[in-house]
Amino acid sequence: MRNKPGTPPRRRTRIATTLSAALGSIAVLAAITLVTGGSAAAATTLGASAAERGRYFGTAVAASRLNDSAYTTILNREFNQVTPENEMKIDATEPQQNQFSYGNADRIVQHARSRGMQVRGHTLAWHSQQPGWMQNMSGSTLRQAMLNHVTQVATHFRGQVAWWDVVNEAFADGGSGARRDSNLQRTGNDWIEAAFRAADAADPNAQLCYNDYNIDNWNDAKTQAVYRMVQDFKSRGVPIDCVGLQSHFTGGSNYPSNYRTTLSSFAALGVDVHITELDIRNAPSDAYRNVVNDCLAVARCKGITVWGIRDSDSWRSGESPLLFNGSGQKKPAYDAVLTALNNGTPPGGNPTTTPPGGNPTTPPPGGGCTASITPGTVWGDRYNTSVTVSGATTWTVVAAVTAPQQITTTWSGSASLASNGTVLTMRSNGSGNTFGFTTMMNGNSGARPQIRSCTAG
Ligand code: G3I
């Protein structure tokens, strides 16, 4: 729980719990549909398949490539989550102290959100990619500048970024288990929790993550050190929601056989886990398949982001580590990933990996509500969905479909549609606790809606 004893529940906690509850319900209903319907076609894109399992499948995006139509064709077709590769880093967003620059980041965010893709913010506080003015700072001046940066940037993107990498790469490599030495670390050991608290104040609804590389092998000292920090933060009420495992299996790093143990161990601390920067040297199908299966086996593994689309887009292009070749063609690893996703158990299907207190079907505390999806009639070009709300008599539910799908008709609620018909905000209008909507498939027959939030009152 994010809340301190005696304080009212935060909206962030309620939404996260409700979303988990809704995803659990989707999973159960999806499972029923598969058993009774039997004719559901396998999804044909990574994002659609992941969405059917309550996950996202995303990619790092470079603003400079958004003019490349071969690039955007794959991006728009395959992915339902985006992380700006460099455009939200400190040197990009605050090149001069207190002069903020958001053009390229805004461009990526707009591209993603207008197509129903969720955005991961990367990254608010980091020893690297600091602008010159920050590199030269130290002590309380640097601490204040860092906190101001976190506050300003998280505020700018409030409501647009689903997850923030609040702090990136703060632990040392090797066997020491120590913090990485940096100008930020030298401001005091509490700099990480101070950054999380500032991000929490600036955007109470974003999910706040700690993100690092080489924390994939459960036996590594660095993994254990990050685990202990998250455990400590949870025990003291520091507002942390998730851990990002970059999972760069490039350079000297390899996929470890205990990767699933690492994911489930972090999850058991009561945080979500995200695979945030995946790439694998020479893109072997087996390792990519294993990563997908490991994520799907852990209920709190929310999704996978690959660190670029084509090999030519990769920071390590010489290792050809991605799912598409330089010509934009699918590689064998792509097929392995899509097949693994399509074969995956829907969320909630493996109760043994549900962490204590994290049962996705538990109604949220503190007067929240739960929204459950029931699939309706499917036609050749469109389908119906009904949503039942429990736990509140007046409510607001946000549901989303995956572009190019579009919600066109709604009933039994007060509706507002945004993002080209991909996001529906439905408010109770006194006609009961069930509402419905019709979605045009527009060529994407695999994806199905997700509940983003249910808010009482
Ligand atoms: O855009 C400039 C270009 O104008 C200039 O001519 C050129 C030469 O210096 O530099 C270009 O900027 C480079 C930028 O990538 C865009 O290509 C920067 O120098 C270069 O430092 C930067 O590298 C990025 C690196 O982080 C450092 O920030 C990589 O693209 C990016 O993939 C990489 O991503 C990191 C994650 O943020 C954190 N985890 C590890 C991951 C891989 O290193």
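**Before you select anything**

This is a predicted model, in which local features need pLDDT of at least 70 and side-chain atom pairs count only at pLDDT 80 or more, while totals for chains, interfaces and linings use all residues. Residues are numbered from 1 along each chain as its sequence is written, and side-chain values use heavy atoms, with hydrogens and water left out.

**Stop 1: the whole chain**

Show the chain as a cartoon. Of the 457 residues, 57% count as buried. Buried here means under 20% relative accessible area, exposed means over 50%, and partly exposed is in between, using a 1.4 Å probe and protein chains only.

**Stop 2: the nonpolar cores**

Select Phe 57, Trp 164, Val 167, Phe 196, Tyr 288 and Leu 323. They have the most contacts inside the largest nonpolar core, which has 95 residues. Helix 8 (residues 191-202) gives the largest share of this core, eight residues. A nonpolar core is a set of buried Ala, Val, Leu, Ile, Met, Phe, Trp, Tyr and Cys residues joined through side-chain atoms within 4.5 Å. In soluble globular proteins, nonpolar side chains tend to be buried together.

A second, separate core has 19 residues, including Ala 392, Phe 437, Met 441 and Ile 451.

Next, zoom in on Leu 323. Leaving out residues up to four places away in sequence, Leu 323 touches, among others, Leu 46, Phe 57, Tyr 288 and Val 337. Which helix holds Val 337? Val 337 sits in helix 12, and it is buried because its relative accessible area is 0%. Draw a distance between the C-alpha atoms of Val 337 and Leu 323: they are 14 residues apart along the chain and separated by 8.7 Å.

**Stop 3: the ligand**

Select the residues around the ligand. There are 13, and Glu 85, Lys 89, His 122, Glu 169 and Glu 277 come nearest; a residue is near if one of its heavy atoms lies within 4 Å. The shell divides into three nonpolar, six polar and four charged residues. In this count, Ala, Val, Leu, Ile, Met, Phe, Trp, Tyr, Cys and Pro are nonpolar, Asp, Glu, Lys and Arg are charged, and the others, Gly among them, are polar.

Display these polar contacts, each a pair of N or O atoms within 3.5 Å:

- Glu 85 has a polar side-chain atom 2.4 Å from an oxygen atom of the ligand.
- Lys 89 has a side-chain N or O atom 2.7 Å from a ligand oxygen atom.
- Asn 86 has a polar side-chain atom 2.9 Å from an oxygen atom of the ligand.

On its own, the ligand has 790 Å² of accessible area, and the protein covers 46% of it.

**Stop 4**

Most residues other than glycine have a negative phi, and most peptide bonds are trans. Start with His 122 and Thr 123, which are joined by a cis peptide bond with omega about 0°; Thr 123 is in strand 3 (residues 118-126). Another cis bond joins Ala 403 and Pro 404, with omega about 10°. Pro 404 lies in the loop between strand 12 (395-400) and strand 13 (406-411).

Go on to Glu 169, whose phi is positive, near 55°. Glu 169 is in the loop between strand 4 (163-168) and helix 8. Is Glu 169 buried or exposed? At 11% relative accessibility, Glu 169 counts as buried.

Ser 320 also has a positive phi, about 40°. Look for Ser 320 in the loop between strand 9 (301-306) and helix 12 (332-343); at 29% relative accessibility, Ser 320 counts as partly exposed.

Technical notes: Helices (H or I, at least four residues) and strands (E, at least two) are DSSP runs, numbered from the N terminus. Contact means heavy atoms within 4.5 Å. A polar contact is a pair of N or O atoms within 3.5 Å; within protein, one must be able to donate a hydrogen and the other to accept it, and residues adjacent in sequence count only if both atoms are side-chain atoms. Accessible areas come from the Shrake-Rupley method with a 1.4 Å probe; for residues, only the protein chains shown count as cover.
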